[in-house]
Amino acid sequence: MSSSIFPVKNIAPDRLPDLLRRMPKAELHMHIEGSLEPELIFALAQRNGLTLPYAAVEDLRRAYAFTNLQSFLDIYYAGAGVLLHEQDFYDMAHAYLARAAIDTIAHAELFFDPQTHTARGVAMETVVNGLYRACMDAQTEFGISASLIMCFVRHLSEQEAFETLEQALPYRDKIIGVGLDSGEVGNPPENFARVFARCRELGFRLVAHAGEEGPPAYIWSALDVLRVERIDHGVQAFKDPALMQRLVKDKVPLTVCPLSNLKLCVFPRLADHNLGQLLDAGIVATINSDDPAYFGGYLNENFTQTFAATGLTAQHAYTLARNSFEASFIDAGAKRNYVDRLNAAFETFV
Ligand code: HPA
Ligand code: ZN
């Protein structure tokens, strides 16, 4: 899955950005609340009669100077406070999916954090129906397939995750999977063992953030205790050779987010990012934007900046795009279709 069978020859480095922008790809790690641009935050605040603690869009954008994950999460959860009505959730997801079309994203799996909203008195129904309607419209409007992954926030208890699951069950058919996000260090995956076991019984696809800031041990327990199918981030795996071997052997995809890692100081410079090492070790890595409104770029910016900084090649580009489809939760026929489209795009480009 990770090493390409497609021969990518003779693409000059100066043509790489164009190739990266034009190749079809899937985005598997983005938090839809992290796509709320400051302009939309202000527009929704006005529409909903809310006052923000910032005078203008530029003041809010200036606050986006993060030192670690928690410093970001504080602002991110505050920004999501402008979402009240189904149309707000629709507008947010529609704006992301319109932007995704520009980045030649063919398929997107959107994380959402219902607890951020239900804690403010917004009903689960409001959240899911608004997001789901935008996903359905994306197919007709942009030709993008999109699905929803509900994340439990790990700074709250497993009991609260169970309550969230209960609230989501009436909308089971609109949610493809569950994930685990929010502040990682001190909140290990095994705290959510029982709720993930229940989600597995219910047929949800399973993912979890692990090894973003947290240690390799969290990646092990996401795999062995939660039994997830993909690891979100996972970049700390390089510290543990046995874990690297396990990820390669079991073809566990990592949804890597380079600009997020840069903005949250996981790596000091983009040139220091280990994506190339992960790929060259045979890991099924993908590139994703995480929270594009906060981290300085949508998916194609993640591709072009990372390639420019780390010297990845056209062969890596093919592998990353192919991995994104192979690691997605679409059915086998749709996967083949997307990979055919990818191959055709490379053939045309070459
Ligand atoms: N990590 C954990 N939780 C998150 C993130 C992230 O990068 N983005 C939004 N919620
Ligand atoms: Zn994330």
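Let's start with Arg246, which, leaving aside its neighbours within four places in sequence, is in contact with Trp220, Leu223 and Asp224; contact here means heavy atoms within 4.5 Å. Arg246 lies in helix 11, residues 241-249. Helices (H or I, at least four residues) and strands (E, at least two) are DSSP runs, numbered from the N terminus. At 18% relative accessibility, Arg246 counts as buried. The cut-offs are under 20% relative accessible area for buried, over 50% for exposed, and partly exposed in between, with a 1.4 Å probe and protein chains only.

A quick word on the source: this is a predicted model, where local features need pLDDT of at least 70 and side-chain atom pairs count only at pLDDT 80 or more, while totals for chains, interfaces and linings use all residues. Residues are numbered from 1 along each chain as its sequence is written, chains are lettered from A and ligands numbered from 1 in the order in which they are written, and side-chain values use heavy atoms, with hydrogens and water left out.

Now to the metal. Which residues are the protein donors of the zinc ion, ligand 2? They are His29 (NE2), His31 (NE2), His209 (NE2) and Asp290 (OD), lying 2.0 to 2.2 Å from the zinc ion. Donors are N, O and S atoms within 2.8 Å of the metal (3.2 Å for Na, K and Ca), and water is not among the atoms, so sites may look incomplete. In sequence, the spacing of the donor residues reads H-x1-H-x177-H-x80-D. One pair links distant parts of the chain: His209 sits in strand 5 (residues 205-210) and Asp290 in the loop between strand 8 (285-287) and helix 14 (292-295), 81 residues apart. Both are buried, His209 with a relative accessible area of 4% and Asp290 at 2%.

Next, backbone angles. Most residues other than glycine have a negative phi. Arg227, though not a glycine, has a positive phi of about 60°. Arg227 is in the loop between helix 10 (216-224) and strand 6 (230-233), and is partly exposed, with a relative accessible area of 46%. His233 is not a glycine either, and has a positive phi of about 75°. His233 is found in strand 6 and counts as buried at 0% relative accessibility.

On to a helix pair. Helix 8 (residues 158-168) and helix 9 (residues 193-201) pack at an angle of about 25°, with their axes 8 Å apart. That makes helix 8 roughly parallel to helix 9, a label for angles under 35 degrees. The axes are lines fitted to C-alpha atoms over the stretch in contact, with angles running from 0 to 180 degrees between N-to-C directions. From helix 8, Glu158, Ala161, Phe162 and Leu165 meet Ala193, Arg194, Val195, Arg198 and Cys199 in helix 9.

Last stop, Lys25. It is in strand 1, residues 25-31, and counts as buried at 1% relative accessibility. Not counting residues up to four places away in sequence, Lys25 touches a number of residues, including Asp103, His107, Phe303 and Phe325. Thr164 is 139 residues from Lys25 along the chain, and their C-alpha atoms are separated by 31 Å. Thanks, everyone!

Key. Parallel < 35°, antiparallel > 145°, perpendicular 65-115°, else oblique.
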